[in-house]
Structures are given as C-alpha cells and as structure tokens.
Amino acid sequence: MNNEAIGHAIAAAAERGVQRSELFVTSKLGPRFYSGNEVDVEVRTMLKQLGLDYLDLVLLHHPEGFGPLGRCRNGTAVECRIEALEKLGLAPVSVNQIQYNPWAPDWQQEVVDYCQKHSIAITAWSPFQGTMMQHASMFTVESLQQIARSSGKTVAQVVLRWAVQKGVVAIPGTSNPAHMDENLAGVYSFALSTEQMGIIDAVRSDPKAKGFTAMGFEKNES
Ligand SMILES: NC(=O)c1ccc[n+]([C@@H]2O[C@H](COP(=O)([O-])OP(=O)(O)OC[C@H]3O[C@@H](n4cnc5c(N)ncnc54)[C@H](OP(=O)(O)O)[C@@H]3O)[C@@H](O)[C@H]2O)c1
C-alpha cells in the first residue's frame with residue numbers, strides 16, 4: 001500500500017494551505033479484513049500512515065462477505081455486478097468502483113445503468129483500458145484520433161470527457177506528471193457532441209480496437 005507516500009503528499013499540500021475539506025480521500029479494504037475487529041484495526045492503521053483523522057470513503061473489495069455492511073450509513077462496493085449489489089440489500093450503497101471504458105461489454109454497461117438508476121455513483125478504473133491492457137493501442141484508434149484532432153484535445157482527454165458525459169468518475173492512473181496535467185486540464189472545458197459520443201460508444205467495433213482484451217472482460221467480440 002502507498003498510504004505513507006500519499007500521507008507525505010497530503011502533508012505537503014496542507015503546508016501549501018490546502019484544507020482537509022478540499023480533499024476527498026478514498027481507500028480500500030480487501031475481504032481478508034472482513035472478520036472480527038480487523039476493519040477497525042486496519043482503518044486505524046491506514047489513518048496513522050496517512051496522517052489523517054478520517055477517510056472520506058472506504059471501498060470494500062468484493063463486499064459480498066462483509067457482514068457489518070448493514071450497520072454502515074453508506075456502503076461502498078468494488079466490482080459488484082447487479083445481482084451481488086441487490087443481495088447486499090442491507091444498506092444504501094453509495095459507490096460502485098468498476099472497470100469502465102469504451103471497451104466495456106454490454107453487461108458492464110448494464111451495471112452502470114442500474115447503478116445510475118439507483119443513485120449509486122460509478123467510479124471508472126482503467127479508463128484507458130489499463131496498464132497491462134494495451135492502453136497504448138487506444139491512442140492509435142483512428143476514430144478517437146479524429147475526434148481529438150477536431151476538438152483540439154488529446155485522445156486521453158477525449159476518453160476522459162466521454163466518461164464525464166457518461167456521468168461517471170474516472171480515475172486514470174499515471175506515473176508521468178505531464179500526463180497527470182493533461183488528464184486534469186481541459187477535460188471540463190469542452191463537450192463532445194451526441195454524434196461524437198456515439199462514435200466513441202461504437203469504438204469497440206473499430207478494427208484496431210476489436211482485438212483488445214481487458215482484465216475481467218471477455219475478449220471483445222462486440
Ligand atoms: N478497484 C479496482 O479493482 C482497481 C483495479 C485496477 C486499477 N484500479 C485503479 O484505477 C486507476 C487507473 O487504472 P490503471 O492505471 O490500471 O489504468 P488506466 O488509467 O486505464 O491506464 C494507465 C496507463 O495509461 C497511461 N496514461 C495515463 N495518462 C496518459 C496520457 N495522458 N497519455 C498517455 N498515456 C497515459 C499510463 O502511463 P504513464 O504512467 O506513462 O502515464 C498507464 O500506463 C489506478 O489508480 C488504479 O489503482 C482499481
């Protein structure tokens with residue numbers, strides 16, 4: 001876990017005058033912490049490492065085995081399909097964090113539609129189809145390049161804007177500060193037309209994108 005590194009970044013931000021209330025800090029617990037008082041112990045450990053006195057959101061990785069969910073004011077979930085979400089049943093689920101990008105198969109789009117209908121926020125991980133998942137190929141898809149050129153944006157910004165217009169929170173990963181700037185800048189200062197959104201929705205059938213595979217998604221045959 002990188003809690004200590006994040007803690008240093010938060011402390012440095014505080015020194016620059018950033019208020020705690022301006023930050024939204026999310027962490028995640030795995031199923032191995034779901035028994036006894038391990039949730040309590042682990043959250044306290046995370047807080048100590050982060051140098052914080054509260055977290056804004058704690059995601060539960062595969063929450064099906066998490067008994068105390070009914071006692072939470074807001075439940076959270078990661079990688080939950082519709083049936084699993086419905087079975088949780090005991091508490092409102094506030095967030096479902098799932099892999100979501102223009103290559104998401106229909107069943108994943110159904111999860112997004114279901115969550116949005118039930119006021120469950122979607123966080124989209126791997127918005128560029130991920131580190132190990134041919135993200136570099138994404139940048140060569142002609143239809144995405146055309147939209148980027150005509151919008152005066154980069155392919156990364158177009159794909160993030162697509163996610164914003166889908167009503168989801170995208171969390172792109174990068175170790176490159178220039179990419180981080182690119183991913184933050186300009187995504188809110190333009191809009192994709194309905195036609196452009198349709199082209200991106202159809203990108204799964206682009207010859208270059210057709211062979212893409214992604215963790216948790218079957219080979220894309222749409
Ligand atoms: N909840 C879960 O189960 C789960 C699972 C997996 C991942 N995640 C989280 O989701 C986040 C993102 O996922 P991810 O990193 O796997 O996939 P991703 O965001 O789809 O792709 C990351 C890749 O895209 C590249 N990239 C980022 N911005 C770019 C730009 N502007 N131009 C060109 N390349 C760019 C990065 O390379 P550079 O470093 O060179 O920029 C990196 O190789 C991470 O924070 C991760 O922790 C959550």
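Student: Where does S119 lie?

Tutor: S119 lies in the loop between α4 and β5. Helices (H or I, at least four residues) and strands (E, at least two) are DSSP runs, numbered from the N terminus. Before we go on, this is a predicted model: local features need pLDDT of at least 70, side-chain atom pairs count only at pLDDT 80 or more, and totals for chains, interfaces and linings use all residues. Residues are numbered from 1 along each chain as its sequence is written.

Student: Is S119 buried or exposed?

Tutor: Exposed, because S119 has 9 other C-beta atoms within 10 Å. The cut-offs: a residue is buried if 20 or more other C-beta atoms lie within 10 Å of its own, exposed if 12 or fewer, and partly exposed in between, with C-beta atoms placed from the backbone.

Student: And what is its phi, for S119?

Tutor: Near 55 degrees for S119, a positive value in a residue other than glycine. S126 also has phi near 55 degrees, again positive and not glycine.

Student: Where is S126, then?

Tutor: S126 sits in the loop between β5 and α5. S126 counts as buried because 24 C-beta neighbours lie inside 10 Å.

Student: What about Q129, where is that found?

Tutor: Q129 is found in the loop between β5 and α5. Q129 has 25 C-beta neighbours inside 10 Å, so it counts as buried.

Student: Switching to M138. Which residues is M138 in contact with?

Tutor: Leaving aside neighbours within four places in sequence, M138 is in contact with F128, Q129, L144 and V155. In contact means that the C-beta atoms of two residues, placed from the backbone, lie within 7 Å. M138 is found in helix α5 (residues 135-138). With 23 other C-beta atoms within 10 Å, M138 is buried.

Student: How far apart are the C-alpha atoms of M138 and A156?

Tutor: They are separated by 8.8 Å, and M138 and A156 are 18 residues apart along the chain.

Student: OK, helix packing. At what angle do α6 and α7 cross?

Tutor: Roughly 95 degrees, and the axes of α6 (residues 142-151) and α7 (residues 155-165) come within 8 Å. Axes are lines fitted to C-alpha atoms, for helices over the stretch in contact, and angles run from 0 to 180 degrees between N-to-C directions. So α6 and α7 are roughly perpendicular to each other. Angles under 35 degrees count as roughly parallel, over 145 as roughly antiparallel, 65 to 115 as roughly perpendicular and the rest as oblique.

Student: Which residues meet there, between α6 and α7?

Tutor: From α6, L144, Q145, I147, A148 and S151; from α7, V155, V158 and V159. That contact of α6 with α7 divides into 6 nonpolar, 2 polar and no charged residues. Here Ala, Val, Leu, Ile, Met, Phe, Trp, Tyr, Cys and Pro count as nonpolar, Asp, Glu, Lys and Arg as charged, and the others, Gly among them, as polar.

Student: And what about α1 and α2, at what angle do they pack?

Tutor: About 45 degrees, with the axes of α1 (residues 3-15) and α2 (residues 38-50) 7 Å apart. α1 and α2 are therefore oblique to each other. N3, E4, I6, G7 and I10 of α1 and M46, Q49 and L50 of α2 make the contact. The residues of that contact of α1 with α2 split into 4 nonpolar, 3 polar and 1 charged.

Student: How many residues has the largest nonpolar core?

Tutor: 26 residues, and Y100, I122, A124, L144, V159, A163 and V168 have the most contacts inside it. A nonpolar core is a set of buried Ala, Val, Leu, Ile, Met, Phe, Trp, Tyr and Cys residues joined through C-beta atoms within 7 Å. The largest share of this core, 6 residues, comes from α7.

Student: Last one, the ligand. Which residues come nearest?

Tutor: W125, F128, A156, G173 and T174, of the 21 residues around the ligand. A residue is near a molecule or strand if its C-beta atom, placed from the backbone, lies within 6 Å of it. The shell around the ligand divides into 7 nonpolar, 12 polar and 2 charged residues. Helix α8 (residues 177-184) gives the largest share of that shell, 3 residues.
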